[in-house]
Structures are given as structure tokens and as C-alpha cells.
Amino acid sequence: MGRINRTQLGQGALGRGECLMVDQKVVVFSSGNEEFGIPVLKVISIERAQKLNAIPQMPTFLLGMLTIRDQLIPIVDAGIILFNIPTTHTDKTKIIVTQTDSLSVGLLVDDAIEIMDIPKTQLKQISLTYQLSPYITGVASLENRLITLLDADNLFDSLEGFDMIEDHIQSHQ
């Protein structure tokens with residue numbers, strides 16, 4: 001899929017609770033048997049999964065580092081973060097490179113499915129179950145599909161030890 005053209009993306013990077021006010025444009029990906037969406041304005045590129053440079057003594061969700069376009073990117077496993085189950089590598093496995101407030105992070109996913117406009121009428125309030133996960137901003141209820149919307153900044157910030165990874169990368173750039 002490669003680099004995302006931001007001029008075609010529109011709006012979509014919203015904070016928690018704001019997802020119900022406007023239409024969303026998201027990159028839809030699968031992890032486990034579920035579908036998730038990240039606002040396209042947070043996505044830098046979608047890459048094929050490739051061999052990573054492992055780093056010893058790091059949290060289990062951190063698979064390693066990868067250099068993409070001369071930038072050192074930590075790669076984290078969506079399967080471990082969301083379900084505590086490692087992502088199985090297949091021909092469809094992708095890395096979604098996202099931009100957080102402090103650095104770029106690659107999210108290893110089962111597949112990057114599509115870029116989708118989700119009308120505000122299809123966005124639903126999050127239940128108490130979802131509120132326990134600070135990175136879930138809402139749920140899109142579409143015909144025969146349910147897509148959980150994620151806030152990339154909150155997703156990575158909620159990971160224990162992620163601040164150590166941020167410090168390490170910022171000290172080496």
C-alpha cells in the first residue's frame with residue numbers, strides 16, 4: 001500500500017468522545033478476528049511485514065525496530081496489545097506506521113483492509129466495557145461489520161514500558 005497521500009484524506013484525527021460529532025475516515029485493519037480503525041491523519045504509511053531487528057530486554061509487545069525512510073521505527077504487535085496473542089505472520093500481515101504526539105510507531109496487524117469513510121450516523125456510543133480501555137474512541141456499526149475505533153496516542157501511551165521506548169528512540173535520533 002505504501003505512503004498515504006494526506007491531501008486525499010480529509011478529517012478524522014479526533015480526541016476521545018469527539019468521534020460521534022463528524023464523519024470519520026479511518027484505516028481499517030484486522031487483528032485476531034476483529035476489525036479496528038485508526039484515523040487516517042495518524043497514519044504515515046502501510047508497509048509489508050519484514051524482518052525486524054530485535055532488542056533484548058524489551059516488553060513483549062515490542063517486536064523490534066525497523067528503519068523506514070531513514071527513520072528508526074519501533075514495531076509493536078497489535079495481537080499482543082489487544083488480545084495478548086502474537087500476530088501470526090502471513091502474506092497479508094502489514095505494518096501500519098502511525099504518528100503519535102512524540103514519535104512514529106509501527107503496528108503489526110493481520111491485514112490492512114481498506115481506507116473507509118464512516119458516516120457519523122454509523123458511530124455508536126461506547127459501552128462501559130469499551131470505556132475500560134482508554135484507547136477505544138467508539139464503535140462503527142455497519143451492515144454485517146463492527147469496527148472498533150482506536151486512538152493511536154492513547155493506545156501506545158497505555159502500554160507499560162512504552163515511555164522507556166520513546167526515551168531510547170529520541171536519544172538515538
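Modeller: A residue is called buried under 20% relative accessible area, exposed over 50%, and partly exposed in between (1.4 Å probe, protein chains only). The structure above is a predicted model, in which local features need pLDDT of at least 70 and side-chain atom pairs count only at pLDDT 80 or more, while totals for chains, interfaces and linings use all residues. Residues are numbered from 1 along each chain as its sequence is written, and side-chain values use heavy atoms, with hydrogens and water left out.

Biologist: How many helices and strands does the protein chain have?

Modeller: The protein chain has four helices and 12 strands, where helices (H or I, at least four residues) and strands (E, at least two) are DSSP runs numbered from the N terminus. Of the chain's 173 residues, 50% count as buried.

Biologist: Which residues of α4 are buried, and why can they be said to line one face of the helix?

Modeller: The buried residues in α4 are Phe162, Ile165, Glu166 and Ile169. Seen down the axis of α4, its buried residues fall within an arc of 100 degrees, so they line one face; the arc is that of the directions from the helix axis to the C-beta atoms. On the face turned away from that buried side, α4 carries the exposed residues Asp163, Asp167 and Ser171.

Biologist: What do the buried residues of α4 pack against?

Modeller: They pack against β5, β6 (71-77), β8 and α3.

Biologist: What makes a set of residues a nonpolar core, and which residues have the most contacts inside the largest one?

Modeller: A nonpolar core is a set of buried Ala, Val, Leu, Ile, Met, Phe, Trp, Tyr and Cys residues joined through side-chain atoms within 4.5 Å. The largest such core here has 32 residues, and those with the most contacts inside it are Phe29, Phe61, Leu107 and Phe156. Among the elements that give two or more residues to this core are β2 (24-31), β5 (62-68), α3 (152-157) and α4 (162-171), while its largest share, four residues, comes from α1.

Biologist: Leaving aside its neighbours within four places in sequence, what is Phe61 in contact with?

Modeller: Taking contact as heavy atoms within 4.5 Å, the partners of Phe61 beyond those neighbours include Ile75, Ile80, Leu159, Phe162 and Ile165.

Biologist: Why is the pair of Phe36 and Phe83 called tilted?

Modeller: The centres of the rings of Phe36 and Phe83 are 6.1 Å apart, and their planes are at 55 degrees, so the pair is tilted. This pair links distant parts of the chain, since Phe36 is in strand β3 and Phe83 in helix α1, 47 residues apart.

Biologist: How do you know whether Phe29, Phe36 and Phe83 are buried or partly exposed?

Modeller: Phe29 has a relative accessible area of 0%, so it is buried, and Phe36, at 6%, also counts as buried. Phe83 stands at 35%, which lies in between the two cut-offs, so it counts as partly exposed.

Biologist: What makes β7 and β8 a pair of strands?

Modeller: Two strands pair if DSSP finds at least two bridges between them, and β7 and β8 have six, so they pair, in the antiparallel sense. A hairpin of four residues joins the two strands, and Thr98 has Val105 in β8 as its bridge partner. Five bridges also join β7 to β4, again antiparallel, and there Thr98 is the partner of Val43. Strand β7 (residues 94-99) is mostly covered, with five of its six residues buried.

Biologist: What makes β9 and β10 edge strands?

Modeller: Six strands form an open sheet of mixed pairing in the order β9-β2-β3-β12-β11-β10, and β9 (111-118) and β10 (123-124) each pair on one side only. Between β10 and β11 (residues 136-142) there are two bridges, in the antiparallel sense.

Biologist: Why is Gln57 called exposed?

Modeller: Gln57 has a relative accessible area of 78%, which is over 50%, so Gln57 is exposed. It sits in the loop between β4 and β5, and its phi is near 65 degrees, a positive value in a residue other than glycine. Most residues other than glycine have a negative phi.

Conventions
Rings of Phe, Tyr and Trp (its six-membered ring) pair if their centres lie within 6.5 Å; planes under 30 degrees apart count as stacked, over 60 as edge-to-face and the rest as tilted.
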